[in-house]
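Subject: Handover of a structure and notes on its contents

Dear colleague,

Please find below the structure that I am handing over to you, shown together with its sequence. My notes on what was found follow directly after it.

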Amino acid sequence: MFRFDLNGKIIVFDKVLNSHRMVYTIKYSDLNQNALVQRRAKVFKDFRNITDELFLLAKNNIEYSESMNSKIVGFFNDENEFIAVRKFIIKYLHIFLKKFDDTFIEIFRDAIQQYIRTVSVYNKTKNPF
């Protein structure tokens, strides 16, 4: 199974026999070339920026539900590049949100869950909900 580190690099996380194939695929397809790694890292950074911004709005009691929905739709749009990275974020959402309080996490998860159910590229993604 392929996974990503938060710097955008693809890593193999599977200890089974197929891991040699995955390592070979990464190496010979040059999936960890610097330009791709930097663009994937930017996806992670963009997600962190979105969650930080929305948390500040919530913390300051500013209405943020419409902003949250808009940001989620924009970030997880199925026409964006690196859908695999975005699916990875959904699958491991608990890691990305662990610094926030429970109320914000619950609201954020609900908003993502409502959206990904409507997008075919995500609705089969195993998610933490």
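A search of the whole structure finds 4 salt bridges. Please bear in mind throughout that this is a predicted model.

Salt bridges

Arg-39 belongs to helix 2 and Glu-81 to the loop between helix 3 and helix 4, so the pair ties together parts that are 42 residues apart in sequence. Arg-39 has a relative accessible area of 38% and is therefore partly exposed. Glu-81 is also partly exposed, at 40%.

Another salt bridge is formed by the side chains of Lys-42 and Asp-46, at 2.9 Å from N to O. Both residues lie in helix 2, and because they are 4 residues apart, about one helical turn separates them. Lys-42 is partly exposed, with a relative accessible area of 49%. Asp-46, at 27% relative accessibility, counts as partly exposed.

The side chains of Asp-52 and Lys-99 also meet in a salt bridge, at 2.8 Å from N to O. This pair links distant parts of the chain, since Asp-52 is in helix 2 and Lys-99 is in the loop between helix 5 and helix 6, 47 residues apart. How exposed are the two partners, Asp-52 and Lys-99? Asp-52 has a relative accessibility of 28% and counts as partly exposed. Lys-99 reaches 58%, and because exposed means over 50%, Lys-99 counts as exposed.

A patch of charge

On the surface, Asp-101, Asp-102, Glu-106 and Asp-110 gather in a patch of negative charge. Asp-110 is located in helix 6, which covers residues 102-116. With a relative accessible area of 37%, Asp-110 is partly exposed.

Aromatic pairs

The structure also contains aromatic rings that pair with one another. Rings count as a pair if their centres lie within 6.5 Å, and by this rule the count comes to 16 aromatic pairs. One of them consists of Phe-44 and Phe-96, whose ring centres are 5.7 Å apart and whose planes meet at 10°, so the pair is stacked. Phe-44 lies in helix 2 (residues 34-59) and Phe-96 in helix 5 (residues 93-97), so the pair ties together parts that are 52 residues apart in sequence. Phe-44 and Phe-96 are both buried.

What is the arrangement of the rings of Phe-47 and Phe-76? Their centres are 6.0 Å apart and their planes stand at 65°, so this pair is edge-to-face. Phe-47 is in helix 2, while Phe-76 is in the loop between helix 3 (65-75) and helix 4 (83-91), so the pair ties together parts that are 29 residues apart in sequence. Phe-47 and Phe-76 are each buried.

Backbone angles

Most residues other than glycine have a negative phi. With that in mind, which values do Asp-30 and Phe-82 take for phi? Asp-30 is not a glycine, yet it has a positive phi of about 55°. Asp-30 is placed in the loop between helix 1 (19-28) and helix 2, and at 41% relative accessibility it counts as partly exposed.

Phe-82, which is likewise a residue other than glycine, has a positive phi near 60°. Phe-82 is found in the loop between helix 3 and helix 4. Is Phe-82 buried or exposed? Since buried means under 20% relative accessible area, Phe-82 counts as buried at 17% relative accessibility.

A contact across the sequence

Finally, Ile-10 and Asn-32 are 22 residues apart in sequence, while their C-alpha atoms are 6.3 Å apart in space. Ile-10 is in strand 2, which covers residues 10-12. Ile-10 has a relative accessible area of 10% and is therefore buried.

A colleague

Key:
Residues are numbered from 1 along each chain as its sequence is written. This is a predicted model: local features need pLDDT of at least 70, side-chain atom pairs count only at pLDDT 80 or more; totals for chains, interfaces and linings use all residues. Side-chain values use heavy atoms; hydrogens and water are left out. Patches are made of residues with over 30% relative accessible area and no salt bridge: like charges are joined within 9 Å, nonpolar side chains (Val, Leu, Ile, Met, Phe, Trp, Tyr) within 5 Å. Accessible areas come from the Shrake-Rupley method with a 1.4 Å probe; for residues, only the protein chains shown count as cover. Lys and Arg count as positive and Asp and Glu as negative; His and the chain ends are not counted. The place of a charge is taken as NZ of Lys, CZ of Arg, CG of Asp or CD of Glu. Helices (H or I, at least four residues) and strands (E, at least two) are DSSP runs, numbered from the N terminus. Buried means under 20% relative accessible area, exposed over 50%, partly exposed in between (1.4 Å probe, protein chains only). Rings of Phe, Tyr and Trp (its six-membered ring) pair if their centres lie within 6.5 Å; planes under 30 degrees apart count as stacked, over 60 as edge-to-face and the rest as tilted.
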